[in-house]
Amino acid sequence: AKTRFFAAANHDLRQPLHAMGLLLHTLPPESLGTPQRETVQRLSHCIDGMSEVVDGLLEMARLDSGQWAPQWTIFDAGAAIQECCKPYE
């Protein structure tokens, strides 16, 4: 049931994220001052982060349902933590 819920909610969660991203890209950078450009850049990072959270939730639901199997790998934990913190800088 959880997998079906996430699959159904996937579109409902992604659609506003895509709309925010499209609206954000309609702002012409040359018409913005430095503080506004920085805010737009932070908003863009936040939208990317939110998209990754939605992807992660869907992946966890697929793992729970047995549709996917985990693939173990070695990765740079410091880089992963830095990436997670970018929206909050």
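Helices here are DSSP runs of H or I with at least four residues, and strands are runs of E with at least two, numbered from the N terminus. By that count the protein reads α-α-α along the sequence, with three helices and zero strands. Its radius of gyration (over C-alpha atoms) is 17 Å, well over the 12 Å from the globule rule for 89 residues (2.2 Å times the number of residues to the power 0.38), so the protein is more spread out than a compact globule. The C-alpha atoms fill a box of roughly 50 × 30 × 15 Å along the principal axes.

This is a predicted model, where local features need pLDDT of at least 70, side-chain atom pairs count only at pLDDT 80 or more, and totals for chains, interfaces and linings use all residues. Residues are numbered from 1 along each chain as its sequence is written, and side-chain values use heavy atoms, leaving out hydrogens and water.

Here's how the confidence looks, as pLDDT (the predictor's per-residue confidence, from 0 to 100):

| Part | Mean pLDDT |
|---|---|
| Protein | 83 |
| α1 (lowest) | 81 |
| α3, residues 77-85 (highest) | 89 |

The largest nonpolar core has six residues: L17, L24, L32, V40, I47 and V54. Such a core joins buried Ala, Val, Leu, Ile, Met, Phe, Trp, Tyr and Cys residues through side-chain atoms within 4.5 Å. α1 (2-24) and α2 (34-65) each supply at least two of the core residues, and α2 gives the largest share, three. Beyond its neighbours within four places in sequence, V54 is in contact (heavy atoms within 4.5 Å) with N10, L13, R14 and L17.

Terms used:
Buried means under 20% relative accessible area, exposed over 50%, partly exposed in between (1.4 Å probe, protein chains only).
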